[in-house]
Amino acid sequence: EEMRDHLRMGSGFAEDGLQDGLIETCLRAALAAIEGRIGKMLFQRRFLWVLDHWREAEQALPVSPVAAVVSVTLVDAAGAEGVVPAGTYRLIPDLHRPRLAGKGGALPTIPAEGLVKVAFDAGFGTAWTDVPVDLRQAVLLLAAEYYEHRHDDGDASAGLPFGVVALIERWRTVRILGGGRK
């Protein structure tokens with residue numbers, strides 16, 4: 001409804017709801033584009049991240065904000081899984097770079113030729129109103145841009161509109177130093 005209002009679409013006509021599928025597609029595309037650009041998940045959902053080695057003593061998680069680490073599971077070369085006790089690791093919350101760290105020591109050792117599965121919940125919240133207002137506005141602006149230019153042949157300049165960039169810039173994660181050692 002908020003997107004329909006943003007587009008100034010009338011209501012009460014026989015074709016009400018006719019554009020709903022297109023509007024939803026534009027909103028989903030705008031959400032994905034903004035999440036990809038800022039590295040933050042707007043709606044909270046569960047992620048499963050699989051690694052074959054830790055990069056640092058504290059492992060930076062790939063997206064933010066992270067609400068909770070659900071589980072850490074070690075998998076050996078034969079595929080046998082073992083859940084790491086929750087008391088042996090902790091989440092270091094950070095809006096831009098949340099990290100997983102060992103509690104009172106190092107992160108658990110990943111088996112030779114094995115891997116680790118980290119399940120975690122990330123996002124601002126489960127409702128649209130949990131998303132910061134400037135990011136909500138950026139989503140609406142970008143979705144409207146997609147809606148208005150859905151028939152373009154690609155001749156327009158690439159990139160996000162200035163208004164969207166201005167709204168999301170402060171949320172972008174700045175990565176320096178090449179991301180650490182391998």
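The dialogue below covers those features one at a time.

Q: What kind of model is this, and what limits apply?
A: This is a predicted model, in which local features need pLDDT of at least 70 and side-chain atom pairs count only at pLDDT 80 or more, while totals for chains, interfaces and linings use all residues. Residues are numbered from 1 along each chain as its sequence is written, and side-chain values use heavy atoms, with hydrogens and water left out.

Q: Is L51 buried or exposed?
A: Buried means under 20% relative accessible area, exposed over 50%, and partly exposed in between (1.4 Å probe, protein chains only). L51 has 13% relative accessibility, so L51 counts as buried. L51 belongs to strand β1, residues 45-51; strands (E, at least two residues) and helices (H or I, at least four) are DSSP runs numbered from the N terminus.

Q: Which residues is L51 in contact with, beyond four places in sequence?
A: Contact means heavy atoms within 4.5 Å. On that basis L51 contacts Q59, L115 and V116. The C-alpha atoms of L51 and L115 are 5.6 Å apart, although 64 residues separate the two in sequence.

Q: In which sense do β1 and β7 pair?
A: Two strands pair if DSSP finds at least two bridges between them. β1 and β7 are antiparallel, with seven bridges, and W49 sits opposite V118 in β7. Strand β3 (residues 66-75) also runs antiparallel to β7, joined by eight bridges; there A68 faces D121.

Q: Why is β7 described as largely enclosed?
A: Strand β7 spans residues 115-122, and six of its eight residues are buried, so the rest of the structure largely encloses it.
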